[in-house]
Amino acid sequence: MRSAGGGGTAGLAIIRSTKPVIAAVNGSAVGVGMTLPLCCDMTVAAEEAKVGFVFGKRGLTMECLSSTMLSRCVGHKQALELVLTGRVFAAKDAPPGLFNYVVPASDVLVKAKALATEVCQTSPQSAMINRYMVLRNAFMSPEEAHLIESRSIFTASHSKDSQEGIMSFLEKREPKWATDPFRDAPDFVPWWMQIQTRSKL
């Protein structure tokens, strides 16, 4: 199968990132401008931003992982409506789940940075594994998810970050996280089958 498409390559880079990714949509977003944020962990959009999935109106098909990520965000039926109609709409009229927050244009970056600040207060190692579990475990059986969660929390509970999280709470101070999610990833990550792709751009 030929692998081609810069949007999909960028989307996979976000999905595989060891750090959370937050999108800020502060203007018109159709095509990859709307599908790439689907791959992000959180999205903040300007109320009046014009957005849509207009593939059908241009004789095109879905890209940038939107065929799997859109239904995760808004549900199966709503995803089909958005794609099959090719409707363009204001972000304030978006179905639930498409954006985390819809705010005035002047507040988009402010809100996105506030979310990033909150994320940075958590353990980078925990953030990496927790986001991977949400992204990768969604279609597993409960038993499979249980086995991964059990191994993960056992490993995390014996980590430096866990010790620091407890001590910083008891001492009523900000935590100083010691782990690097890229360098210190547990040996069971990845627990999913990592398919290698190579774009021909």
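1. For the charge count used here, Lys and Arg are taken as positive and Asp and Glu as negative, leaving out His and the chain ends. On that basis the protein chain of this predicted model carries 22 positive and 18 negative charges, and their mean positions lie 8 Å apart.

2. Eight helices and six strands make up the secondary structure of the protein chain. Read from the N terminus, the order of elements is α-β-β-α-β-β-α-α-β-β-α-α-α-α.

3. The C-alpha trace of the protein chain spans about 55 × 45 × 35 Å along its principal axes. Among contacts with a separation of 6 or more, 68% join residues 24 or more positions apart.

4. The protein chain has 201 residues, and 35% of them count as buried. Its accessible surface is about 12200 Å², with 59% belonging to carbon and sulfur atoms.

5. One residue may be looked at in detail. T179 is found in the segment after α8, the helix formed by 160-170. Is T179 buried or exposed? The relative accessible area of T179 is 15%, and the cut-off for buried is under 20%, so T179 counts as buried.

6. What does the side chain of T179 make a polar contact with? The partner is the side chain of D161, at 2.5 Å.

Conventions:
Residues numbered from 1 in each chain as written. Predicted model: local features only at pLDDT ≥ 70, side-chain atom pairs only at ≥ 80, totals over all residues. Heavy atoms only, no water. Helix = DSSP H or I, 4+ residues; strand = E, 2+ residues; numbered from the N terminus. Buried < 20%, exposed > 50% of the residue type's maximum accessible area, 1.4 Å probe, protein only. Polar contact = N/O pair within 3.5 Å; in protein donor to acceptor, adjacent residues only side chain to side chain. Contact = heavy atoms within 4.5 Å. Areas by Shrake-Rupley, 256 points an atom, 1.4 Å probe, with all protein chains shown as cover. Charge placed at Lys NZ, Arg CZ, Asp CG, Glu CD.
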